[in-house]
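Colleague: I am new to this model and would like to look closely at one part of it. Could you take me through the strands, and then on to whatever lies around them?

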Amino acid sequence: MRHRTAAVNRLIVLIVGLALLGFGAYAMAWDLQVPIVREWVSRYDRARVTALPDQDWWGWALAATVVVGLVFGIVLLALDLTRRRTSPVAVPDRESGTYVTVDLGSLANGVASELAQYPGVRQTRARAVIERGLPTLSIVVTADPTLDIYDFTRKSEDVASWVASTLGGEEVATQVLLHLDRADHPVHVES
């Protein structure tokens with residue numbers, strides 16, 4: 001999910017949550033016979049409120065509410081479910097002058113395989129995503145807690161520099177997230 005879409009989702013949830021909280025508090029206050037709420041309810045024109053469903057526009061208002069709600073929900077779902085996958089990147093070939101298309105997902109898998117060879121790395125996961133508008137190779141590394149973090153960071157930076165030079169100036173970020181297992185976590189050896 002994109003940063004902007006997540007912010008819109010949070011804003012919608014906040015508004016709906018506050019509205020429901022307000023309606024719930026109002027209903028509980030009426031049920032608990034809070035004087036000011038009872039006074040507000042007594043001011044309603046009951047004949048007018050009960051006659052609303054008999055108005056000519058009532059059916060159209062309900063239909064419009066359903067249509068607007070459905071369209072809004074479908075658009076929000078479509079935005080939430082859009083994949084943040086990257087498109088292939090065209091890299092100029094210096095020798096021939098033509099362009100070579102590079103699949104960033106495959107490149108991310110290659111970077112993950114390279115980092116998996118480092119001593120102490122137990123598992124790697126890779127994917128290519130759009131992160132804040134920038135194509136990003138996201139590699140998650142799970143490693144032994146005794147891993148030399150300084151040397152691993154240097155190795156990760158070397159790999160990121162290689163990716164940047166390989167892509168020839170294309171703006172693609174490389175993100176390596178390192179997760180260290182707990183010190184008391186038993187080592188899982190595959191046979």
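To start with the hairpin of β1 and β2: how many residues lie between the two strands, and which residue in the turn has a positive phi?

Modeller: Happy to. Please keep in mind that this is a predicted model: local features need pLDDT of at least 70, side-chain atom pairs count only at pLDDT 80 or more, and totals for chains, interfaces and linings use all residues. Residues are numbered from 1 along each chain as its sequence is written, and side-chain values use heavy atoms, with hydrogens and water left out.

Six residues lie between β1 and β2 in their hairpin, and G97 in the turn is the one with a positive phi, about 80°. Strands here are DSSP runs of E with at least two residues, while helices are runs of H or I with at least four, and both are numbered from the N terminus. β1 covers residues 89-92 and β2 covers residues 99-102. The two pair in the antiparallel sense over four bridges (strands pair if DSSP finds at least two bridges between them). Within that pairing, P92 stands opposite Y99 of β2. β1 also has two faces: V89 and V91 are on the covered one, A90 and P92 on the uncovered one.

Further along is a second hairpin, formed by β3 and β4 with two residues between them. Its turn holds R132, whose phi is positive at about 55°. Most residues other than glycine have a negative phi. β3 (residues 121-131) and β4 run antiparallel, joined by 10 bridges, and A128 stands opposite L137 of β4. β4 has another partner in β5 (residues 173-180), this time in the parallel sense, over eight bridges. There I139 stands opposite V176 of β5.

β4 is mostly covered, with eight of its 10 residues buried (buried means under 20% relative accessible area, exposed over 50%, and partly exposed in between, for a 1.4 Å probe and protein chains only). T142 counts as buried because its relative accessible area is 15%. Leaving aside residues up to four places away in sequence, T142 touches V121, R122, Q123, H179 and D181 (contact means heavy atoms within 4.5 Å).

α5 and α6 pack with their axes 11 Å apart and at an angle of about 150°. These axes are lines fitted to C-alpha atoms, for helices over the stretch in contact, and angles run from 0 to 180 degrees between N-to-C directions. α5 is therefore roughly antiparallel to α6 (angles over 145 degrees count as roughly antiparallel, under 35 as roughly parallel, 65 to 115 as roughly perpendicular and the rest as oblique). On the α5 side the contact is made by L107, V111, E114 and L115, and on the α6 side by F152, K155, S156, V159, W162 and V163.

Two of those contact residues also form a salt bridge: K155 and E114, whose closest N and O atoms are 3.0 Å apart (a salt bridge is a side-chain nitrogen of Lys or Arg within 4 Å of a carboxyl oxygen of Asp or Glu). This pair links distant parts of the chain, 41 residues apart, with K155 in α6 (residues 149-166) and E114 in α5 (residues 104-116). K155 is partly exposed because its relative accessibility is 23%, and E114 is partly exposed as well, at 38%.

By that rule the count comes to six salt bridges. Another one joins R154 and D151, at 2.6 Å from N to O; both lie in α6, three residues apart, about one turn of the helix. R154 also meets D158 in a salt bridge, at 3.1 Å, and these two are four residues apart in α6, again about one turn. Because their relative accessible areas are 39% for R154, 21% for D151 and 43% for D158, each counts as partly exposed.

One last stop is Q33, in the loop between α1 (3-31) and α2 (35-42). Its phi is positive, near 60°, in a residue other than glycine. Q33 counts as exposed because its relative accessibility is 55%.
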